[in-house]
Structures are given as structure tokens and as C-alpha cells.
Amino acid sequence: MHASLIQIAINPDESVNSRRERVASLVASQRGADLVVLPELWPVGAFAYTVFADEAEPLQGPTHDIMAKAAAEAGVWLHAGSFVERAEDGALYNTSLVFSPEGERAAAYRKIHRFGFDKGEAVLMGAGEELVTVALPETVLGLATCYDLRFPEQFRGLVDAGAETLVVSAGWPERRRSHWTLLAQARAVENQAYVLAVGCSGTHGGVEQAGRSIVVDPWGEVLAEAGADEEVLTVEFDPARVAATRDQFPALKDRRLGLARRRLA
């Protein structure tokens with residue numbers, strides 16, 4: 001498979017509408033790729049909390065429509081990153097979309113683990129409740145967003161649901177860049193799966209972004225890594241290596257579930 005990870009620069013002086021158009025052009029230019037992946041909350045910036053409510057949109061709103069058109073123009077599977085969704089009941093969610101090469105929406109994923117502890121996303125947005133996988137002709141994608149990367153049980157659940165390629169859309173800060181690389185490799189090794197993790201560059205909400213989008217194979221080897229600026233990271237990978245790795249080193253078969261817990265006095 002040929003994948004393109006588009007590491008978007010978030011400039012607060014660029015309007016949301018202008019960025020949508022610019023990103024749509026970048027996606028449309030990736031004709032020949034099988035899969036294109038965008039970062040988390042690229043229309044507004046993952047740390048631009050003050051504009052979340054103003055820029056929220058329905059599931060099938062402007063971001064949905066322009067990304068659907070771009071996927072069809074390029075003829076690619078598109079993980080369109082995430083945007084601020086306003087549900088029918090008014091609640092906000094950090095929602096990712098996946099489109100087919102025909103421009104049809106194949107999946108929507110609401111971020112399960114919200115970052116911020118007692119502020120920011122953690123209090124402004126609702127939490128997703130469902131693991132989401134998407135079956136492509138060549139592989140099964142498992143969807144995760146940014147802070148989700150710190151919770152291995154979510155990725156185990158995705159693998160149990162058939163995921164072979166774990167896609168992480170993020171707005172990861174520069175000050176924790178070492179964690180980004182470490183956790184991406186850990187999720188690949190422990191699940192014997194590919195990890196395609198794409199972040200943002202630039203600064204928004206006063207938070208410098210790490211960039212450093214990364215592709216890791218099922219053995220934990222880094223196949224490609226971006227720098228700190230906006231770029232399109234391209235990589236060729238063989239989905240068949242997932243099954244081969246799991247056959248060669250069948251660690252997942254040795255999992256022991258449902259163990260009793262003992263509390264010592």
C-alpha cells in the first residue's frame with residue numbers, strides 16, 4: 001500500500017475556510033495513493049479551545065463535504081482527521097471521518113479519551129463510546145485520536161476487532177514529543193500491527209506542535225518520519241507483514257484474560 005500522511009501547519013492567522021480549501025487541494029493532489037491521513041482538529045487546532053464552540057459543525061457539515069469531494073477527486077481512502085462536531089443535542093465531540101475513494105463516508109469515530117484533565121477538551125467535549133474499525137481492500141484500519149495513544153487497552157480492543165493498521169490522528173505538543181515516538185512504537189510492537197500516526201505543525205492556542213508524523217511496522221521499526229514543518233510523508237508498506245509477524249512470533253496467542261485480582265491487607 002501507498003500511504004500519504006499530510007502534516008498540516010496550523011496558523012491562527014489562516015481562516016478555517018481557507019484552511020479547508022488548502023487541505024482539500026493537498027488531498028486531491030495525492031492521486032495514486034491508497035490511503036491519505038490528516039491530523040486531529042486541523043480546521044481549528046487541537047489546543048484552540050476558545051473557538052471550539054464557534055467553529056463546531058454538524059457531522060455532515062462543511063468539513064465533511066469538502067473532504068468527501070477531495071477523496072473522490074483523488075480516488076483515495078481518506079482518513080480526514082478530526083473536527084469539532086456539534087451533535088443534534090448540542091454536545092460537542094472530537095470526531096474523525098473516513099471516506100471511500102468514491103467520496104462516501106465509511107466511518108465516523110468520536111475520540112474516546114479527552115485530554116485536559118479538568119479543563120480544555122476534557123470539559124468542553126463529550127467522550128466517544130465506540131471502538132471503530134474500517135475494512136479496506138488491503139487491510140483493516142483501527143481508529144484512534146491523539147491522547148488515545150496513551151491507553152493501550154483501546155488498541156487491544158481494536159486488534160480484537162480485526163485491526164491490522166492502527167491510524168492515529170493527532171495534535172501532539174512539542175514538549176512531549178519523545179512520548180509520541182515511544183508510544184507509537186510501543187503500540188506497534190505490542191499489537192504486531194502497523195501504526196500510522198500523523199500530527200500537526202505550527203503553534204495554536206499557544207502550544208507548539210511536535211510534527212514528527214511517523215509510520216511504524218509490526219516489529220516496531222520506523223519506516224518513515226516527518227520533520228517539524230508542514231509536509232507530506234509518503235510510505236510504501238505491505239499489509240501482509242502483519243499476519244506474517246503474528247505467525248512468526250505469536251505473542252498475541254499467549255494473552256491471558258480474566259485473571260483474578262487479589263488485594264493484600
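By class, the residues lining the largest cavity divide into 5 nonpolar, no polar and 3 charged, where Ala, Val, Leu, Ile, Met, Phe, Trp, Tyr, Cys and Pro count as nonpolar, Asp, Glu, Lys and Arg as charged, and the others, Gly among them, as polar. Before I go on, please keep in mind that this is a predicted model, in which local features need pLDDT of at least 70 and side-chain atom pairs count only at pLDDT 80 or more, while totals for chains, interfaces and linings use all residues. Residues are numbered from 1 along each chain as its sequence is written, and side-chain values use heavy atoms, with hydrogens and water left out.

The structure holds 1 cavity of 30 Å³ or more, a cavity being a set of points on a 1 Å grid over the protein atoms alone where a 1.4 Å probe fits but cannot get out, with lining residues having an atom within 4 Å of a point. The space in the largest cavity comes to about 30 Å³, the volume being the space filled by probe spheres set on the points, which are joined across faces, edges and corners. Its lining is made of Val16, Arg20, Pro43, Val44, Glu55, Glu57, Phe83 and Val84, and the elements that give two or more residues to it are helix H1 (16–28) and strand E4 (77–86); helices (H or I, at least four residues) and strands (E, at least two) are DSSP runs, numbered from the N terminus.

Asn94 sits in strand E5 (residues 92–99) and is buried, with a relative accessible area of 1%; buried means under 20% relative accessible area, with a 1.4 Å probe and protein chains only.

Turning to helix H5 (residues 152–160), its buried residues include Gln154, Phe155 and Leu158, and among the elements that cover the buried residues of H5 are strand E6 (105–110), strand E8 (140–145) and helix H6 (177–191). After H5 comes Gly162, with a positive phi near 105°.

Finally, 3 strands form an open sheet of mixed pairing in the order E2-E11-E12, two strands being paired if DSSP finds at least two bridges between them. Strand E2 (9–10) and strand E12 (207–208) are the edge strands, each pairing on one side only. Strand E11 (residues 201–204) pairs with E12 in the antiparallel sense over 2 bridges, and His204 stands opposite Val207 in E12.

How values were computed:
Buried < 20%, exposed > 50% of the residue type's maximum accessible area, 1.4 Å probe, protein only. Contact = heavy atoms within 4.5 Å. 1 Å grid on protein atoms, 1.4 Å probe; cavity = no way out; pocket = protein on both sides within 12 Å on 5 of 7 lines; lining within 4 Å.
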